[in-house]
Amino acid sequence: MTNNKYVNEWVAEMAELTQPDKIVWITGSDEQTDALRAEACATGELEKLNEEKLPNCYLHRTAVNDVARVEGRTFICTKEKHDAGPTNNWMGLEEAKEKLTPLYKGAMKGRTMYVIPYSMGVVGSDFSKIGIELTDSIYVVLNMLIMTRAGQYVLDALGDNPDFIKGLHAKADIDEEKRYICHFPEYNYIASVNSGYGGNVLLGKKCFALRIASYLGRKEGWMAEHMLILGVEYPDGETKYVAAAFPSACGKTNLAMLIPPEFLAKKGYKVWCVGDDIAWIRVGKDGRLYAVNPENGFFGVAPGTNEKSNPNALHTTMRDTIFTNVVHNLDDNTVWWEGLDNNPPVNAIDWRGNKWDYKTYDKTRKLETSGAHPNSRFTALAQNCPCISSEFNSTTGVPLSAIIFGGRRAKTAPLVYQSKNWQHGTFVGSIMASETTAAAAGALGVVRRDPMAMLPFCGYNMGEYFAHWLSMGLKAENAPKIFHVNWFRTNAEGEFIWPGFGDNLRVLLWILARCEGKVDAVECEIGYLPKPEDIDTEGLDISMDVMKELLSVDKASWIEDLDSIKAFYAKIGDTMPKELLDELATLEANLKA
Ligand code: GTP
Ligand code: SPV
Ligand code: MN
């Protein structure tokens with residue numbers, strides 16, 4: 001509770017609108033959290049899992065129509081359409097009010113409204129910002145208690161300050177036709193209704209820490225990005241940090257927690273995870289860029305997580321975790337998902353809540369036949385991660401040596417290349433493309449342009465976002481070098497050519513060696529490529545020919561891509577910075593020379 005009149009007035013106003021039976025302020029105390037867990041178990045909203053095997057872990061199933069972010073129903077609501085820009089759905093303020101008010105009216109009748117005070121970033125740090133989410137979902141409360149720093153101490157830190165982000169979430173009827181995720185950057189306000197799933201309802205995450213924060217970052221001179229942050233510790237004990245932007249379900253969590261290949265581990269290399277999804281970045285006094293992870297936990301993709309691909313993630317989820325839409329193993333009251341191991345449970349309930357026979361699983365019809373939804377997730381505490389960085393709670397952030405962009409491309413993009421400078425690197429980020437994944441509702445595997453992995457998350461005009469990137473490079477005299485990677489090149493059989501996961505450290509080491517000026521590169525049409533022999537392949541079953549292929553530029557497919565880039569830039573229209581149009585002209589000339 002608080003004496004902050006801005007908070008109290010707003011809570012009262014929202015309660016009058018939604019008419020909850022009861023208002024409960026989330027304190028973060030163990031007693032309150034335990035009571036909420038017990039209540040959720042009593043109503044069936046959560047199922048308590050095997051306390052011996054998975055202490056303090058719970059299972060939740062969302063509605064079948066509510067399993068991913070809904071980009072088509074996500075809106076930026078501003079006075080002027082221009083400010084949302086051509087890549088966002090825009091809704092005017094009046095229309096938003098007309099649409100949303102009736103949906104919220106009485107929506108919490110018979111329910112409890114929970115008031116969640118939370119901080120994105122360490123409470124009290126210059127990087128951090130406070131939010132208050134009102135929700136009628138215990139699932140949301142328990143997730144927010146993992147994903148953010150939440151509770152009474154955040155209200156205490158806020159004091160009587162009006163500077164907080166408001167978020168109103170009501171489950172209503174989980175009606176997908178009436179589902180709206182609306183952002184009002186000019187009013188520090190987020191409104192989410194008719195969903196109970198992850199990115200749509202954990203309002204601190206994509207809604208605040210990316211869409212609202214990107215808008216604030218432009219206004220205040222910093223950046224909010226869809227990036228992991230990791231540290232590579234060298235055998236001599238020095239640690240270098242990189243941030244990497246990959247689209248949803250394209251490998252951020254996996255890279256952030258990677259385990260070095262054996263020969264590198266033996267030499268003493270280690271990787272530390274600072275964050276797996278979001279980075280807030282500021283210019284330091286020394287002209288370098290400094291990054292913090294504003295989150296407190298991981299909302300990670302479950303399928304494919306196993307003892308080999310990402311043991312750190314798996315261990316992180318062994319306690320204090322909420323699993324969403326995975327398989328329930330009734331024999332020992334644990335969980336399972338495709339790609340965990342080769343022992344699917346025999347006595348099992350699938351993500352839809354039905355009895356599930358693993359023998360009916362058909363790889364070519366994943367969505368229909370899998371036991372765990374392809375976008376099933378775990379919500380786990382960062383502090384439970386075996387490789388969490390000692391800088392996780394840093395209030396000043398970690399200095400970035402490199403920024404890495406990457407997508408899921410079967411062809412076109414090489415394993416890794418370096419941009420020529422910040423402006424060219426911004427261009428490389430702006431022309432990113434990736435195959436769509438199950439993280440958002442809609443078609444899968446379709447290549448779309450996803451600049452800086454921010455297409456669904458940039459809270460303002462994309463052309464102005466690019467201009468902001470360019471301006472940050474001018475402000476940061478010692479800006480990181482910018483690279484592009486692609487772990488997802490496939491052969492004629494559609495199999496991945498690069499082993500990926502832990503072996504991606506081999507590529508990171510080349511990137512960091514470039515940042516130090518310790519290794520040469522080959523200049524080509526798109527930037528600088530490694531010499532194939534400069535990526536260490538010790539212990540890998542991969543031929544020099546394959547390495548050459550991975551590190552080649554397929555000119556024909558790049559030339560084919562030019563049309564799509566031009567169309568995308570044309571869509572952005574007159575806010576497109578001239579510098580990037582010039583870079584595109586240079587790329588075209590290089591490719592056609
Ligand atoms: P969001 O949480 O949606 O933002 O996703 P993310 O970028 O953190 O993606 P995540 O690391 O969870 O990876 C998603 C999928 O990519 C999983 O199915 C992984 O198995 C797969 N993946 C991750 N890294 C690699 C890699 O290096 N190679 C291959 N082939 N697949 C990978
Ligand atoms: C993503 O889709 O990029 C996620 C998951 O990280 S969600 O929180 O649902 O946005
Ligand atoms: Mn994400």
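**Reading the cavities**

Mentor: Gladly! In this predicted model, the largest cavity is lined by Arg 409, Thr 412, Ala 413, Tyr 417, Val 428, Ile 431, Met 432, Ala 433, Arg 449, His 484, Trp 558 and Asp 561.

Trainee: How is such a space found, and how many cavities of 30 Å³ or more does the whole structure have?

Mentor: The general idea is that rolling a probe the size of a water molecule over the atoms shows where empty space is left. Here, a search of the whole structure turns up three cavities of 30 Å³ or more.

Trainee: Which classes of residue line the largest cavity?

Mentor: Its lining has seven nonpolar, two polar and three charged residues. The second largest cavity is lined by four nonpolar and six polar residues, with no charged ones; among them are Phe 127, Ser 128, Asn 293 and Phe 392.

Trainee: Let's turn to a single residue. Where is Asn 486 found, and is Asn 486 buried or exposed?

Mentor: Asn 486 sits in the loop between strand E29 (481-485) and helix H15 (504-515). Buried means under 20% relative accessible area, so Asn 486, at 0%, counts as buried.

Trainee: What does the side chain of Asn 486 reach?

Mentor: The backbone oxygen of Ala 413, at 2.9 Å. Ala 413 is also one of the residues lining the largest cavity. Beyond its neighbours within four places in sequence, Asn 486 has contacts including Arg 409, Ala 413 and Pro 414.

Technical notes. Residues are numbered from 1 along each chain as its sequence is written. Chains are lettered from A and ligands numbered from 1 in the order in which they are written. This is a predicted model: local features need pLDDT of at least 70, side-chain atom pairs count only at pLDDT 80 or more; totals for chains, interfaces and linings use all residues. Side-chain values use heavy atoms; hydrogens and water are left out. Helices (H or I, at least four residues) and strands (E, at least two) are DSSP runs, numbered from the N terminus. Buried means under 20% relative accessible area, exposed over 50%, partly exposed in between (1.4 Å probe, protein chains only). A polar contact is a pair of N or O atoms within 3.5 Å; within protein, one must be able to donate a hydrogen and the other to accept it, and residues adjacent in sequence count only if both atoms are side-chain atoms. Contact means heavy atoms within 4.5 Å. On a 1 Å grid over the protein atoms alone, a cavity is a set of points where a 1.4 Å probe fits but cannot get out, and a pocket is an open set with protein on both sides within 12 Å along at least five of seven lines; lining residues have an atom within 4 Å of a point. Grid points are joined across faces, edges and corners, and a volume is the space filled by probe spheres set on the points. Ala, Val, Leu, Ile, Met, Phe, Trp, Tyr, Cys and Pro count as nonpolar, Asp, Glu, Lys and Arg as charged, and the others, Gly among them, as polar.
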